[in-house]
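The following note sets out numbered points on the model shown below. Please read them alongside the coordinates.

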Amino acid sequence: MTDQAISSVTARRVWDSRGRPTVEVEVITAGGAMGRAIAPAGASRGTREAVDMRDGGTALAGLDVKGALTNVATLIAPKLAGMDVTDQAGVDQAILSLDPSPMKSTLGGNATVATSLAVMHAAAAAKGEAVWQHAAALSGQTPTLPLPEVQIFGGGAHAGQRVDIQDFMVMVPGAGSFDEVMEVTAEIYRAAGSIMQQRGALAGVADEGGWWPVFDHNEQALETLVQAIELAGETPGERVVISLDIAASEFGREGRYRLALENREMGREEMIGLLGKWLDTYPIASIEDPLAEDDTEGMRQFTQTFGDRVQIIGDDYLVTNAGILDQAIADQCCNAVLIKVNQIGTVTEALKCLRRAREAGYGTIVSARSGETEDVSISHMAVGFGAGQLKVGSFTRSERMAKWNECLRIADALPAGRYVAGQPLSQTAWARNWKGAA
Ligand code: PGA
Ligand code: ZN
């Protein structure tokens with residue numbers, strides 16, 4: 001056995017940011033290198049994404065992961081034993097050979113993603129490299145710091161459906177460094193909190209750490225976000241822009257959309273009209289899942305109408321699946337894809353989707369899930385895959401801050417000049433009009 005041969009793969013039950021059980025995997029090589037990773041978990045999940053294996057029953061609301069742990073121990077570990085840990089594609093192929101089901105339902109996506117990520121970490125350790133360096137070797141890309149997308153107000157499935165829209169975020173494409181993005185974002189986050197406090201509407205935070213959305217209607221969150229940006233001393237639309245995740249699959253089906261907070265039901269044309277009005281009124285540079293995952297016609301219309309002025313991200317709509325992305329490209333739907341490794345189940349398949357997106361000129365955003373942990377794999381992947389953008393949730397709670405802080409450490413290790421600033425948004429006409437753009 002060479003030093004880089006996998007000698008053991010073990011799994012344990014750990015707990016995520018919602019206090020739910022999840023899978024941690026440790027991979028050790030013959031040479032003694034160790035890598036460890038934890039599966040995240042979504043709440044507003046696409047119907048076509050890899051499924052987590054949960055035990056069911058009454059204990060822990062049916063969410064226990066003992067079956068997934070057993071699958072790692074009895075199926076995955078023996079299969080990977082002796083394989084070269086640096087051969088990520090080979091390892092992921094071996095995992096897939098155990099589970100040819102379309103949604104990883106045999107092994108559980110939680111078992112496969114924790115293993116696949118742990119292999120990436122162990123390979124970096126075996127090579128004596130940082131994880132982002134090894135990720136760059138896997139992708140063939142120049143490591144680059146991503147432009148962060150940071151939630152200020154949570155909503156939708158992350159806030160008990162208090163408002164319908166899921167994420168009200170900011171991006172700071174006009175900042176000159178990752179560190180400057182963090183500082184500007186911290187001021188906006190704090191300003192938003194003080195506005196809510198003054199209104200007597202401060203009620204803690206949602207699942208990803210954004211302020212709890214005590215609003216009378218969905219657009220009020222946008223108005224408040226603009227106020228917060230201004231209170232932080234910024235001019236909305238200059239250095240700072242707004243980004244939304246509508247997560248429309250949560251309230252849209254078969255071309256009908258129901259905003260519960262406003263007791264309003266719309267067809268797809270009216271829904272597109274509403275979003276178009278928001279795009280005209282607020283400095284929104286990016287919008288995710290504006291239509292539901294089953295609404296190809298709506299997504300095509302939306303992309304045709306607004307695709308030249310705003311980034312349109314498919315999350316539930318594309319589920320990090322290269323095949324589904326190919327179809328969306330043919331349908332002329334979306335112009336960017338969210339990359340969540342656990343939506344597809346392995347690092348290699350996520351990378352495949354990211355490559356496809358890049359070939360088609362689509363933007364790429366590496367993303368966390370609403371259920372997260374101290375695991376910082378996505379910071380390393382965003383850099384090493386040269387994704388350009390990173391979405392982690394808000395600017396509080398350590399499962400979020402761990403990812404931002406890891407980027408700051410990577411920033412110090414990268415050669416100077418590897419921050420891309422507003423570049424990922426530069427293909428949109430909106431960004432070309434943006435006063436701060438070079
Ligand atoms: P989820 O949602 O992790 O709860 O599925 C995050 C998102 O929609 O981006
Ligand atoms: Zn989303």
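1. Metal donors are taken here as N, O and S atoms within 2.8 Å of the metal (3.2 Å for Na, K and Ca), and because water is not among the atoms, sites may look incomplete. On that basis, the donors of the zinc ion (ligand 2) follow the spacing D-x42-E-x26-D along the chain. Helices (H or I, at least four residues) and strands (E, at least two) are DSSP runs, numbered from the N terminus.

2. This is a predicted model, in which local features need pLDDT of at least 70 and side-chain atom pairs count only at pLDDT 80 or more, whereas totals for chains, interfaces and linings use all residues. Residues are numbered from 1 along each chain as its sequence is written, chains are lettered from A and ligands numbered from 1 in the order in which they are written, and side-chain values use heavy atoms, with hydrogens and water left out.

3. Which residues coordinate the zinc ion (ligand 2)? The coordinating residues are Asp245 (OD), Glu288 (OE) and Asp315 (OD), at 2.1 to 2.2 Å. Glu288 is buried, with a relative accessible area of 0%, and Asp315 is likewise classed as buried at 2%. The classes are buried for under 20% relative accessible area, exposed for over 50%, and partly exposed in between (1.4 Å probe, protein chains only).

4. Asp289 lies in the loop between E10 and helix H8 (296–306). The phi angle of Asp289 is near 40°, a positive value in a residue other than glycine. Asp289 is buried, at a relative accessible area of 0%.

5. Cys334 belongs to the loop between H9 and strand E12 (336–339), and with a relative accessible area of 3% it is buried.

6. How many residues surround ligand 1? The shell holds 15 residues, and the closest are Ala43, His158, Arg369, Ser370 and Lys391; a residue is near a molecule or strand if one of its heavy atoms lies within 4 Å of it. By residue class, the shell divides into two nonpolar, five polar and eight charged. In this scheme Ala, Val, Leu, Ile, Met, Phe, Trp, Tyr, Cys and Pro count as nonpolar, Asp, Glu, Lys and Arg as charged, and the others, Gly among them, as polar.

7. Why does ligand 1 lie between the domains? Both domain 1 (6–128) and domain 2 (139–433) give residues to the shell around ligand 1, so ligand 1 lies between them. The domain bounds come from an automatic or database domain assignment.

8. An oxygen atom of ligand 1 is 2.9 Å from a backbone N or O atom of Ser44. The side chain of His158 places an N or O atom 2.7 Å from an oxygen atom of ligand 1, and a polar side-chain atom of Arg369 lies 2.7 Å from an oxygen atom of the ligand. Taken alone, ligand 1 exposes 280 Å², of which the protein buries 99%. Accessible areas come from the Shrake-Rupley method with a 1.4 Å probe; for residues, only the protein chains shown count as cover.

9. Some pairs may be located by C-alpha distance. Thr396, in the loop between strand E14 (388–393) and helix H13 (398–413), is partly exposed at 24% relative accessible area. Thr396 and Gly209 are 187 residues apart in sequence and 5.3 Å apart in space, C-alpha to C-alpha. Asp216, in the loop between helix H5 (178–198) and helix H6 (218–231), is exposed at 58% relative accessibility. The C-alpha atoms of Asp216 and Glu262, 46 residues apart along the chain, are separated by 8.0 Å.

Terms used: Polar contact = N/O pair within 3.5 Å; in protein donor to acceptor, adjacent residues only side chain to side chain.
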